[in-house]
Amino acid sequence: MKNREYPYYDVPQMSDLKDMINRNAAEKPDQTAFMYPIETGEMKKSFLNLKEDVEAFGTWMYQKKIKNKHVVILGENSYEWIVTFLATVNGGNTAVAIDKGLPVEEVKELAATAEAEIAFVSDTYFEKLEKKAVKKTYNLKNFDDILAEGRKLLRDGKEDFLKYEIEPDKTAAILFTSGTSGVSKGVELTNRNIAFEIVHTSQLFAPKGGVLAVLPFHHAFGLVVGIFMVVNYGFPIYINKSLKHVKKNMVDFRPQTMFLVPLFVEFFHKQIWAEVEKKGKTTAFKGLMKTTNLLLKAGIDVRRKTYGSIHKVFGGELEYIICGGAALDPMYVKEFRTWGIEILNGYGATECSPCTAVNRPHFYKDGSVGNLVPGIEVKITDEGEVAFKGDLIMKGYYKNPEATAEAVIDGWYHTGDLGYVDDDNFIFLTGRKKNLIILSNGENISPEELEMDIARDEAVQEVLVYDENGKIVAEIFPVEEHFGDTEYFEKLKDKVNKGRPLYKQIARVKLREEDFIKNATMKIVRYKNIPNPQNNTFKSEY
């Protein structure tokens, strides 16, 4: 199929998450909804199992007087996490999803910000949080006991949870932003927001097989798009409980689609090229890729056979990677396409439930962050900022009207990203408004432009570009074999500067020996990493 506009996909309709679960249980009761590893092998849960487990858990919550409460959910990715979230939301409570990796004091602060009273915590984190974050904390290791009690209550005729009717504009979840400023705000997403997001984003992309869930469930991309969109389509999801098992999970489950952030894509890419280099076949492999692309232009596709060893690493069935959460160099998209795996770059924000655009399987533009989600509006402000309007825009920041008023103006959510929209409603980003480097001569520079060029070098793991005393600095965390290699990075600086006007050139490089501080989606937290020039603690500088 040629790369051009084509009709949106037909999508199973839903009014809320409860409606979605009930429909799937009725239409495909025995089909697998979730799979996950257990000590004795793998556990499978059907769509009917999911409905029954949510109803039992929710009925138990009602018996415990957990109604109209803000409920913290904290723990590693798990089926228990998903059921707890759905039981919370479908009973009229508000789910407060918090990153398990945060320090206890920060968890307490976020729980207090969201005015949470109850928490469900996985056994791994229960002891350090018990009685510290909220009034009452339950251990999810008792999940099976909770379900058993809930089922008994249902048999005894307790149907209040079953009869609860979802209020579309009630806050279903509070998800905390993980912006690069390092300041988290509680984003209120309503039942209407989440349902609209699932249905309309699904019109741009439809999975055709199983999905391996790797991204954290406390993040909007990992939960709403990576889980609920797939559930709505009715395909099985394999839950990855730990990143150290990702490779094994891919081989065991053989996913057709994965939802990832750029860090994963970059890691896989470097691993592939490292293996090629290890075998001494770099030149030959590059020549093979050129031949592959020429054959593709002639309508001959030999990618799955030619790059079978690469596909084997991903389980052999992977066709699509949906990538979002941070900027992705188009180079990765093009090379993975050559190998027979299409990366569909997308874009959004927690405040937008979260997805606002994504490239489509047969309608994409490399370098863009995707085609606008149908049913919403986009505009570019006079300052060049991208803004969105529609039913996926958040209710607001919880108990923070000032921040809400600053972000949402006349119904338009202002993203803070600079960019433009082409005639086909593809969105292209050029940088962050607050990241702009404004020099004394009045010139504006987007550091992301320089960062992308530097990050392409194989010796660079991470990079951050910023202004220090009127000079552009590139701070680099190299791969281990290039630690302290100032000569190498001096040459890289010259290479990146070549052809650029003087005001856009890097003045100096700093080398790190530790990686940068990052947020939940593995973006570098820019304002926690830019040093005070009066207190420089870096290991190597020139």
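Start by selecting Asn425: this residue is partly exposed, with a relative accessible area of 36% (buried means under 20%, exposed over 50%, partly exposed in between, with a 1.4 Å probe and protein chains only). Asn425 sits in the loop between β20 (412-421) and β21 (427-432), and its phi is near 65 degrees, a positive value in a residue other than glycine.

Before moving on: this is a predicted model, where local features need pLDDT of at least 70, side-chain atom pairs count only at pLDDT 80 or more, and totals for chains, interfaces and linings use all residues. Residues are numbered from 1 along each chain as its sequence is written, and side-chain values use heavy atoms, leaving out hydrogens and water.

Next, pick Asn469, in the loop between β24 (460-468) and β25. (Strands are DSSP runs of E, at least two residues; helices are H or I, at least four; both are numbered from the N terminus.) Phi of Asn469 is positive too, near 55 degrees, and the residue is exposed at 60% relative accessible area.

Now jump to Ser353 and Pro354: the peptide bond from one to the other is cis, with omega near 0 degrees. Pro354 is in the loop between β13 (342-348) and β14 (355-358). Most peptide bonds are trans.

Last, show the open sheet of 7 strands, ordered β6-β5-β3-β4-β7-β8-β18 with mixed pairing (two strands pair if DSSP finds at least two bridges between them). At the edges, β6 (136-139) and β18 (396-397) each have a single partner strand, so one side of each lacks a neighbour in the sheet. Inside the sheet, zoom in on β7 (residues 171-176) and β8 (residues 186-190), antiparallel and joined by 5 bridges; Ile174 stands opposite Glu188 in β8.
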